[in-house]
Amino acid sequence: LLHSAAGFAQSTGKEVTHQQLAWFTFSNTLKFSDKWSLTSEVQERRFVNPDRHDQFLVRSQARYALSENWEAVAGFTYIRQSPNDPKATQRLVVPELRPHIQLNYNQPLGRLAITHRYRAEKRFFRNTSNGELASGYNSNYRFRYRLGVEYQLADINDQPLKLKLNDEIHINAGKKI
């Protein structure tokens, strides 16, 4: 799966940075029963211009269907984060550990669906000192809400092919944001 994204970040409401990124993703789902499944994914995120590594991540999630439309999820993500500036001369890659819990709600409307994801994460960042990795981790919390629209284009071998559009808000909390 190939994602293409134009990302931006805003700081203090005054400066906006635009970046071009390409996300390469491999996803897998193991279904154990009608209620239980395990999803895993591996992602490589790269800046497009210049071509530089941005982020590598591995995520795994246990999923439990609470009802036809609600799902509870617990998961863990391992991330290797390069500097967010593709032109940075310092290229230190910083590990991050990220356990999370989430609730998913799906509102089906025929071939169209409105999706909601509520996620709480605890983020553990490896400490750094003088441009090098140091022992220990610092941490903060992130609360996320994602609203999405999905349109099912077709079924291929009993698997849906969907067009998805999402937007997400992140709220960070903690001593070091």
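I'll start with the surface. Leu109, Leu112, Val149, Tyr151, Leu153, Ile156, Leu161, Leu163 and Leu165 make a nonpolar surface patch of about 830 Å². Patches here are made of residues with over 30% relative accessible area and no salt bridge, with nonpolar side chains (Val, Leu, Ile, Met, Phe, Trp, Tyr) joined within 5 Å and like charges within 9 Å. Areas come from the Shrake-Rupley method with a 1.4 Å probe, and for residues only the protein chains shown count as cover.

Two elements give two or more residues to this patch: strand E8 (132-156) and strand E9 (159-173). E8 gives the most, with four residues. Strands are DSSP runs of at least two residues in state E, numbered from the N terminus. Leucine 165 sits in strand E9, and its relative accessible area of 62% makes it exposed. Exposed means over 50%, buried under 20%, and partly exposed in between, with a 1.4 Å probe and protein chains only.

A word on provenance. This is a predicted model, where local features need pLDDT of at least 70 and side-chain atom pairs count only at pLDDT 80 or more, while totals for chains, interfaces and linings use all residues. Residues are numbered from 1 along each chain as its sequence is written, and side-chain values use heavy atoms, with hydrogens and water left out.

Next, charges. A salt bridge is a side-chain nitrogen of Lys or Arg within 4 Å of a carboxyl oxygen of Asp or Glu, and by that rule there are 13. Arginine 98 pairs with glutamate 96, with the closest N and O atoms 2.8 Å apart, and both residues are buried. Glutamate 121 forms a salt bridge with arginine 119 at 3.4 Å, N to O. Glutamate 121 also forms one with arginine 144, at 2.8 Å, N to O. Why is that last pair of interest along the chain? Arginine 144 is in strand E8 and glutamate 121 in strand E7 (residues 112-129), so the bridge ties together parts 23 residues apart in sequence. Arginine 144 is buried at 12% relative accessible area, and glutamate 121 is buried at 2%. Through shared partners, salt bridges join Glu96, Arg98, Arg117, Arg119, Glu121, Arg123, Arg144 and Glu168 into one network.

Last, strand pairing, which requires at least two DSSP bridges between two strands. Strand E4 (residues 52-65) and strand E5 (residues 70-81) run antiparallel, joined by eleven bridges. They form a hairpin with four residues between them, and tyrosine 64 has alanine 72 in E5 as its bridge partner. E5 also pairs antiparallel with strand E6 (residues 94-109), over twelve bridges. There, glutamate 71 stands opposite asparagine 104 in E6.
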